[in-house]
Amino acid sequence: MKRDQTVDPAAHAGLSRRDLLKVAGAAGAAALAPTALTASAAQPAAPVPLPVVPVARAAGPLMNLTAAETEILSAMVDRLIPSDELGPGALEAGALRFIDRALSEAESQSADAYRAGLAALDRYSRYSRGAAFAELPVRDQDSVLIDVQTGAATGAGTGFDGSSAGFFNMVRDHTWQGTFGDPQYGGNAGFIGWDLIRYPGVRLRVTDEEQRMLEAEELEPARRSAYDFGQFQTGRPAPSERGR
Amino acid sequence: MIKAAGLTIWLAVAIGSTGQPVVGQPVGIVVESATMAAGQPMPRDHSPDGRNESPPLAWRGLPAGTRQLAVICEDHGAGNPPPWVHWIIYNIPPGASGLPQGIPFDPADPMPRGLERARQGNNGWGLAMYRGPAPPPGTVHEYEFTVLALDTELDLPAGLTRAELLEAIEGHVIGRGNLVATYARMPAAAGIQ
């Protein structure tokens with residue numbers, strides 16, 4: 001009965017789901033934050049500090065998903081990186097809006113997979129746990145998501161196209177990107193994701209004193225997008241110019 | 001109510017991957033369940049077709065000198081190489097006469113009373129929790145719940161693999177019993193919305 005093995009056994013042992021995601025998120029941010037501390041040779045431009053946006057969970061209507069689909073995806077994203085005593089989570093970071101925008105742009109090829117996967121997730125939830133996914137208690141939502149993650153939900157005949165693990169991995173990856181990626185791409189609102197993993201932020205130069213403070217975990221986060229520096233261009237207005 | 005008596009198997013060989021003989025002759029333990037019967041399909045609530053909760057287990061006939069217990073659930077017809085592990089739980093005190101249904105899968109949730117020191121090992125998915133049978137559609141698999149009695153008290157950390165557990169308890173298994181149930185997937189009806 002061997003199926004997709006999409007989890008990291010070592011990382012999960014003894015860790016809560018949130019612990020696991022935070023460990024993974026730290027690695028993800030390092031990959032997603034362009035050049036960060038390695039750009040010290042570049043000529044620094046005057047950075048424009050970004051305002052810290054208020055934390056808000058409500059996403060409002062999305063462009064690419066129906067209200068019902070949005071409700072399911074919102075519940076899923078909320079369990080992948082929940083808000084808890086350690087700080088706000090993926091919803092507050094704007095991961096839902098990030099995913100919606102990505103489905104119009106770089107991830108437009110995934111729109112059908114989202115719609116089919118969300119429908120299958122909800123059918124699976126109703127079949128196996130007796131209620132719509134968004135209406136389940138969080139422990140049951142987590143149990144459902146584990147079954148989706150491991151691929152065990154596939155055989156329930158609720159409409160997953162291929163292994164349910166593929167759908168889980170897609171949403172998880174996009175949730176991480178929308179939480180821990182550079183705010184330029186529409187997520188990580190108020191630098192919630194970077195604060196969550198104590199990422200010190202994008203800097204073009206690091207002084208000896210800052211290095212010492214970083215190692216002592218005393219360095220205040222920079223709270224700037226890489227694209228607030230003139231060296232980096234995306235063709236899209238920097239977050240500080242978009243009135244975020 | 002206990003539905004059926006479990007199978008009692010007397011073996012001189014441990015279930016370890018090494019195939020090395022267990023020291024002494026394990027004493028037979030009777031393993032039973034309020035929801036499962038030997039050789040019969042288990043309820044869907046112990047599988048991902050339902051709530052995917054660990055089944056209740058009960059045991060009796062522990063050998064004298066039992067100081068701790070461990071439980072392994074595995075499918076000898078799956079895995080590469082077999083078996084595929086569905087559940088491992090250990091550090092079970094000798095006074096426990098079984099396990100209730102639905103052992104928590106989140107380490108943040110408390111274990112049931114009397115089992116506070118029990119820990120779950122990693123299953124075949126690398127998750128330290130119970131995940132039930134999910135054989136390929138159209139096939140019937142067997143799932144063996146094995147109870148091991150140990151002559152020593154260990155304080156093993158969560159997340160051990162089957163091989164790591166067997167290595168840790170090697171030479172300490174003084175009793176063993178099992179219950180084998182079956183399962184085949186129960187796909188949702190087409191009308192499920």
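I began with the sheet of chain B in this predicted model, and found an open sheet of six strands in the order S1-S9-S8-S4-S5-S7 with mixed pairing. I noted that strand S1 (27-28) and strand S7 (119-120) of chain B stand at the edges with a single partner strand each, so one side of each has no neighbour in the sheet.

I then followed strand S8 (residues 141-150) and strand S9 (residues 173-183) of chain B, which run antiparallel and are joined by 10 bridges; within S9(B), Arg176(B) is the bridge partner of Leu148(B). Helix H1 (residues 162-169) of chain B packs on the sheet, where I see it touching S4, S5, S8 and S9 of chain B, and its direction makes about 35° with that of S5(B).

Next I looked up backbone exceptions, bearing in mind that most peptide bonds are trans and that most residues other than glycine have a negative phi. I found a cis peptide bond between Asn80(B) and Pro81(B), with omega about 0°, and another cis bond from Pro82(B) to Pro83(B), with omega near 0°.

Asn91(B), in strand S5 of chain B, has a positive phi of about 60°, and I count it as buried because 21 other C-beta atoms lie within 10 Å. Arg198(A) also has a positive phi of about 60°, but this residue is partly exposed, with 13 other C-beta atoms within 10 Å.

Last, I checked the contact between the chains, which takes 27 residues from chain A and 33 residues from chain B. On the side of chain A that touches chain B, H7(A) gives the most, with six residues.

Terms used
Residues numbered from 1 in each chain as written. Chains lettered and ligands numbered in written order. Predicted model: local features only at pLDDT ≥ 70, side-chain atom pairs only at ≥ 80, totals over all residues. Contact = placed C-beta atoms within 7 Å. Helix = DSSP H or I, 4+ residues; strand = E, 2+ residues; numbered from the N terminus. Pairing = 2+ DSSP bridges. Axes fitted to C-alpha atoms, helices over the stretch in contact; angles between N-to-C directions. Buried ≥ 20, exposed ≤ 12 C-beta atoms within 10 Å, placed from the backbone.
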